Amino acid sequence: MAEGYYDYPVVKRPVWTWEVPAYFWLGGLAGGAYLTAALAQNFGSADDRRAAGGGYYVAAAALVPCAPLLIADLGRPDRFHHMLRIFKPLSPMNLGAWTLTSFTPVAFARAASHAASTGLLRGPLGALARLVPTRLAELAGVVLGLTLAGYSGVLLAATNIPLWAKSKLLGGLFMASALASGSAAVTLQAGRRAVPDATLHRLAMIESAASAGEMAILTGYLVQSKKAARPLTTGRFAMPFWLGAVGAGMLLPLLLHRVAGRRHGRALRSLTSAAAICTIGGSLALRWTIFEAGKESAEDQGASFDLARG
Amino acid sequence: MIDAYKRMMNIEEPPAPKTAKGFFTDTSLCIGCKACEVACKQWNQLPADGFAITGNSYDNTGHLGATTWRHVQFIEQAKANGSGQEQRWLMMSDVCKHCANAACLEACPTGALVRTEYGTVYVQQDICNGCGFCVPACPFGVIDRTPKTGHFEAGTAHKCTLCYDRLKDDMTPACAKSCPTASIQFGDVEELRTRARHRLGELHARGESKARLYGMPEGKEAAEVGPLHAFFLLLDEPQKYNLPEVPRLPRKTMTERYGWSAAVGIGFALVGALVLGRRG
């Protein structure tokens, strides 16, 4: 016997579709890749800089589908620009639209200037790209990229959907997942070129730190969510969540990195690449399962009452 | 310069604030006739929702939604007494609460959702881009988006306007006008609150001990979303009417959540800098 009015939901089921988790995943990956590349530029060795510089290309490439995905999900895609008629950071949706709009040109400018510095971009375009103030672009890009990676979880949490809103940690979880997938994407592109083992080891260590952090935050998230986490941990999203997001996306890469720690050359490259692919896929699985399970959570009358117990 | 810009962009000054208007829905008077649902649909030209039979009492409307701005609930309660089962029907005409701190309004990224001069919450149909964020933000599950295609005003958010167009002409909203038992009362919010307190005293005196008001400034349900401009007299716990005990305002916990997100990002940047900085 339901506590409320028949078994009717208290809150409305979100109307968003697959474009949203796909955008969150790519936007997070772009932010994470940009940050990793910028860290290597500023703190790494010459080899690190060369290996991680491709991270700027990854960030720019991942951003290409972001705006189309965000726009496609709108009820009135022709009015996307209405997001930008006001600046209202109180609304995570508005903050996100501004962040995406400003991060995209910064990431492209930095990618172009990197291409110019390696000789990939020549001629007048290369000359133009060399004018980009790299330090400024790195600083602005890191702030904007981190905002893009971190706001998505806060956006979902700023609702009344029990699975999203109960815990304080969804923003942190999506941030960690974004950084893991972003650094993994940098490792993946570095592994395809001849880079020294030491650099790959360092990149793998960064990725492992993000994955381990992600595991810890996920544990906290599930503990805080209590019964509200049921649509995610049991039922039809349990398999993709436990096996995909947790198993293949976090545990397996950690294990592969442990093995890779003692390897060199081709074996190392294969192991880190496999781990990176797992991390990137797992990050998508995490966004997708939490997003879709949130829709089921909206129908959970008891969880809604629990959330609003004060 | 700002004035020149406003003239150039054709930006109008918002109307001056007026006395706050609202609804007092006294469920003890509701007979479940659904005249409010019909009057609302008719005045606001909202399409029908189909002919689905829910099997749950006489309520085949089910929920408030993008095209359903009044919804009459039929709560059937059976309780045992000495001679067997006593049956009672609770009826309640649900509506947008027009919260003083509205979650939908705060979520809105375009400024389509505004507070009107009457203190009500209103969606500007020409601004809304259908981002859908207000839908899960509302703690009462009121606002919804129409389908993207095949619909009048497709793909935008809709909810009760408290008949903003009628208010502009000093008219009573359609639902209140059509209510035959004065279960739905419209007026100045302050005056309605006085009336509600008086009515509650009357019911308590008659032995309706479970009667209570929902959405008054002093109620615990106003802790986050503030007093409701459309408030209710209920004959049982709020949950029985699918109303949350303490409706949440997402803003209240947002800073903390951004904080955790930022902490993770900064922590990762520090670890990354340390790992990359350690040479050899």
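**Close-up views of the predicted model**

**View 1. Helices α1 and α9 of chain A cross at roughly 60°.** Helix α1 (residues 19-43) of chain A and helix α9 (residues 170-191) of chain A have axes that come within 7 Å. Some terms: axes are lines fitted to C-alpha atoms, for helices over the stretch in contact, with angles from 0 to 180 degrees between N-to-C directions; angles under 35 degrees are roughly parallel, over 145 roughly antiparallel, 65 to 115 roughly perpendicular and the rest oblique. Helices are DSSP runs (H or I, at least four residues), numbered from the N terminus. This is a predicted model, where local features need pLDDT of at least 70, side-chain atom pairs count only at pLDDT 80 or more, and totals for chains, interfaces and linings use all residues. Residues are numbered from 1 along each chain as its sequence is written, while chains are lettered from A and ligands numbered from 1 in the order in which they are written.

**View 2. Here is where α1(A) and α9(A) meet.** Among the residues on the α1(A) side are A:Phe24, A:Gly28 and A:Leu35, and α9(A) brings others including A:Phe174, A:Ser177 and A:Val186 (contact: C-beta atoms, placed from the backbone, within 7 Å). By class, this contact has 10 nonpolar, 8 polar and no charged residues. Ala, Val, Leu, Ile, Met, Phe, Trp, Tyr, Cys and Pro count as nonpolar, Asp, Glu, Lys and Arg as charged, and the others, Gly among them, as polar.

**View 3. Helices α5 and α6 of chain A pack at about 115°.** The axes of α5(A) and helix α6 (residues 123-130) of chain A are 8 Å apart. A:Ala112, A:Ser113, A:Ala115 and A:Ala116 of α5(A) make the contact with A:Gly126, A:Ala129 and A:Arg130 of α6(A). Sorted by class, that gives 4 nonpolar, 2 polar and 1 charged residues.

**View 4. Chain A touches chain B.** Here 67 residues of chain A are in contact with 61 residues of chain B. On the chain A side, α10(A) gives the largest share, 7 residues. That side has 40 nonpolar, 17 polar and 10 charged residues.

**View 5. A:Leu268 sits in helix α13 (residues 265-298) of chain A.** Leaving out residues up to four places away in sequence, A:Leu268 touches A:Asp197, A:Leu200, A:Ala260 and A:Arg263. A:Leu256 is 12 residues away in sequence and 9.7 Å away in space, C-alpha to C-alpha.

Note on methods
Helix = DSSP H or I, 4+ residues; strand = E, 2+ residues; numbered from the N terminus. Contact = placed C-beta atoms within 7 Å.
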